[in-house]
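My entries follow in the order I checked them.

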Amino acid sequence: MSSNAHREEPGHDLSTWTLGQLQTFIHDTRGQQLETARVAAQGQAYNSSHPQEARRQWAKLALLANRRMLDHVEGHPARVAQQDFMLRMWVIDRLGPDDTDPDWSPEALASDTLDALSFTPPQAAALAEGWRDLLTGQIRELRRHRNLTAHLKSLLGYLAPGPVRERLVTWTATRPLLP
């Protein structure tokens, strides 16, 4: 970190940085440092000594760092999506939903989750039946679906009855079948 842009930053422990310092860092950096920044921001979001709005700001910053990993192909899309979904669900659960912000909207999270899945529940269940005989790439895809649906049980409680909720209910029944 010898660049002039980061010369005034307080040391290498990102968890001690202010929201503004970390935000500037996230905008100016790439690679593994974005993951380090994501973890630091997420840690601040989890810190219950911060006011609720500050925790949302830290969570938003963690999402930014996570999403920026895809800008330069440093992050794997499935891992980035899983991190995104889990943090958003955590905020909705702990700090409450906010339908004015798509990151904290249960309906938006439900739609984003369904958009990230390439199999239907019946397709995934059929493949999972004989998963040990599948090619590695197919097993990986089933595991990706399992990871991308980890938050669904929590999310269902925030959704009104309807087709999207029913699709997610089907996924919650399918998920335990996946490797």
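Entry 1, a helix pair. I listed the contacts (heavy atoms within 4.5 Å) and found that L22, F25 and I26 in α1 meet Q33, L34, A37, A40 and A41 in α2. Helices here are DSSP runs of H or I with at least four residues, numbered from the N terminus.

The model is predicted, so I note its limits: local features need pLDDT of at least 70, side-chain atom pairs count only at pLDDT 80 or more, and totals for chains, interfaces and linings use all residues. Residues are numbered from 1 along each chain as its sequence is written, and side-chain values use heavy atoms, with hydrogens and water left out.

Two packed helices are described by the angle between their axes and the distance between the axes. For α1 (residues 19–28) and α2 (residues 32–46) I read an angle of about 155° and axes 10 Å apart. The axes are lines fitted to C-alpha atoms over the stretch in contact, and angles run from 0 to 180 degrees between N-to-C directions. α1 and α2 are therefore roughly antiparallel, a label for angles over 145 degrees. Their crossing is left-handed: the near helix is turned anticlockwise from the far one by less than a right angle.

I located L61 in helix α3 (residues 52–68). Its relative accessible area is 5%, so L61 is buried; the cut-off is under 20%, with exposed over 50%, using a 1.4 Å probe and protein chains only. Leaving out residues up to four places away in sequence, L61 touches L19, L22, Q23, I26 and A41. I also checked L61 against Q23: they are 38 residues apart along the chain, and their C-alpha atoms are separated by 6.7 Å.

I found S105 in the loop between α4 (77–95) and α5. S105 counts as buried because its relative accessibility is 7%. Beyond its neighbours within four places in sequence, S105 is in contact with I92, D98 and D99.

Which residues of α9 are buried? I get L168, W171, T172 and T174. Seen down the axis of α9, they fall within an arc of 160°, so they line one face of the helix. The arc is taken from the directions from the helix axis to the C-beta atoms. On the face turned away from that buried side I see the exposed residues P163 and A173. The cover over the buried residues of α9 includes α5 (106–116), α6 (121–129), α7 (136–148) and α8 (152–156).

Notes: Helices (H or I, at least four residues) and strands (E, at least two) are DSSP runs, numbered from the N terminus. Angles under 35 degrees count as roughly parallel, over 145 as roughly antiparallel, 65 to 115 as roughly perpendicular and the rest as oblique.
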